[in-house]
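Please follow the account below with the sequence and the coordinates at hand.

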Amino acid sequence: MTLQQETVSFEDAATDTPSGLAEIAKRHLVMNFTPASKYREDELPVFVRGEHCSVFDESGRRFFDGLAGLFCVQLGYTHGAEVGDAVREQLAALPYQTTWSVTHPPAALLAQKIAQLAPGDLNRVFFASGGGESNEAAIKLARQYQQTIGQGTRTKFIARRVAYHGTSFGAMSLNGMTNVRAMFEPLMSGVRHTHNTKTYRRPEGETPEQTTAFLLGEIESLIVQEGPETIAAIIMEPLQNAGGSLKPPTPEYFAGVRALCDKYGILMIADEVITGFGRLGSWFGSQHYDFQPDMIVFAKGIASAYVPLGGVIASDRIIETVLDGPVGMFNHALTYGGHPVACAAALKNLEIMEREGVVENVAALSPYLEERLSAVAEKHTAIVGDFRGDGFHRSFELVTNKRTKTWEDDVISAGDFVGAHLNPALAEVGLICRVAIDAEGNPLVQVSPPLVMTRADIDELADLLDRAFVLATERAGL
């Protein structure tokens, strides 16, 4: 095939006539976490337009985006032109400049704005291009800080099982997902993992307070076992995404982790790549759960994913200590860190979020989202074992045996149910959400929609998911 034959314009893609873009992508584009079947026999969707909470494929078919792109399109798809105007103006004024010993208006103003929104003394912002890069920066900052205060033996990190923190070398080392890590090991040494906060499958009759005590006791035991003088930081998501919307069992959980960090001289890092910028009904998940980290890692929602951007928010104490140390600077840099165009887009995104009351919208409508999705779970008790989450981030864990809380393969395997029935049903009704087989072998369905949803949108989301469950279970004979 010649280059001329393969070339397709965007205008072609926006028509009702198939453009050939799917075949071009299958031939040339290496896609993120995409199975081989999507490159070969399976249909590959080509989305060309978005509006509010929906996206449209090249044939004009509408899909409700119940995943906000990838937990990130806070504003939905309606504000692109306004953000684009800010991008255009910045491109015309100053398309690129570094933040290496210089600055420019968008980076300075965005850092100030983020500091105003962040909790406590988290007043210093280092910019990156995404979540993985941001976690890499947090790792390096934590290690440099510990070295600067004379604690050079503190090189280890504690994270949680099944947690996901990125795919770059250091970030992947933090991951508690063995299926993502295994083929790339050995990774960065010194990362230890504790239980996450999943309460489904905890011992029968255990109270939330007992669960909290167990989890905190395990963390402290691990700290003592490893040696407090060897641990640089603990990193946790306020609400853990991987594993399915895992929130703390009690308010005392994160307060307890904070106390352990203070007791043993360990930094507390909140990975808020997903929970930052409104997803739980507060600007940050650490505010929502009322704890004060030493650093917050952010990305995704900072610019509603209209452009790539991420970073780390650190306390004054950490940055001032590093600047006063022997190196005299944070010993890390990125070509695109603080890119003026990305920062301009983020500033406009935050302006729109404040103007439209987006965070307040999440806080107001979260109970209604929970009510409607709980009703879906109750209707489909034949397959829904657990419904959980917080804010605009909810998950359904599917099981066939309620006693053992597992998906048993005597009728149909979990993989076959998802691949042959559930995913096709979701596509048929026009709903995008995340479906995966979790670490325990159960299908997991996640919804994390745009933060601009209305009550009517919530009704549509719940109805679409209900219809998909009906279709999938009937066709699977469940």
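In this predicted model, four strands form an open sheet in the order 1-2-3-13, and their pairing is mixed. Strand 1 (47–51) and strand 13 (431–432) stand at the edges with a single partner strand each, so one side of each has no neighbour in the sheet. Strand 2 (residues 54–57) pairs with strand 3 (residues 62–65) in the antiparallel sense, over three bridges. Ser54 has Phe64 of strand 3 as its bridge partner. Helix 18 (residues 455–476) lies across strand 3 and strand 13, and runs at about 105 degrees to strand 3.

In general, an α-helix has 3.6 residues a turn, so residues three or four places apart point the same way.

The protein chain as a whole has 18 helices and 15 strands. Its radius of gyration is 23 Å, close to the 23 Å that the globule rule gives for 478 residues, so the chain is as compact as a globular protein of that length. Of the 478 residues, 56% count as buried. Among contacts between residues at least 6 apart in sequence, 72% join residues at least 24 apart. The accessible surface of the chain comes to about 20500 Å², of which 53% belongs to carbon and sulfur atoms.

Definitions and conventions. Residues numbered from 1 in each chain as written. Predicted model: local features only at pLDDT ≥ 70, side-chain atom pairs only at ≥ 80, totals over all residues. Heavy atoms only, no water. Pairing = 2+ DSSP bridges. Helix = DSSP H or I, 4+ residues; strand = E, 2+ residues; numbered from the N terminus. Contact = heavy atoms within 4.5 Å. Axes fitted to C-alpha atoms, helices over the stretch in contact; angles between N-to-C directions. Rg over C-alpha atoms; globule rule 2.2 N^0.38 Å. Buried < 20%, exposed > 50% of the residue type's maximum accessible area, 1.4 Å probe, protein only. Areas by Shrake-Rupley, 256 points an atom, 1.4 Å probe, with all protein chains shown as cover.
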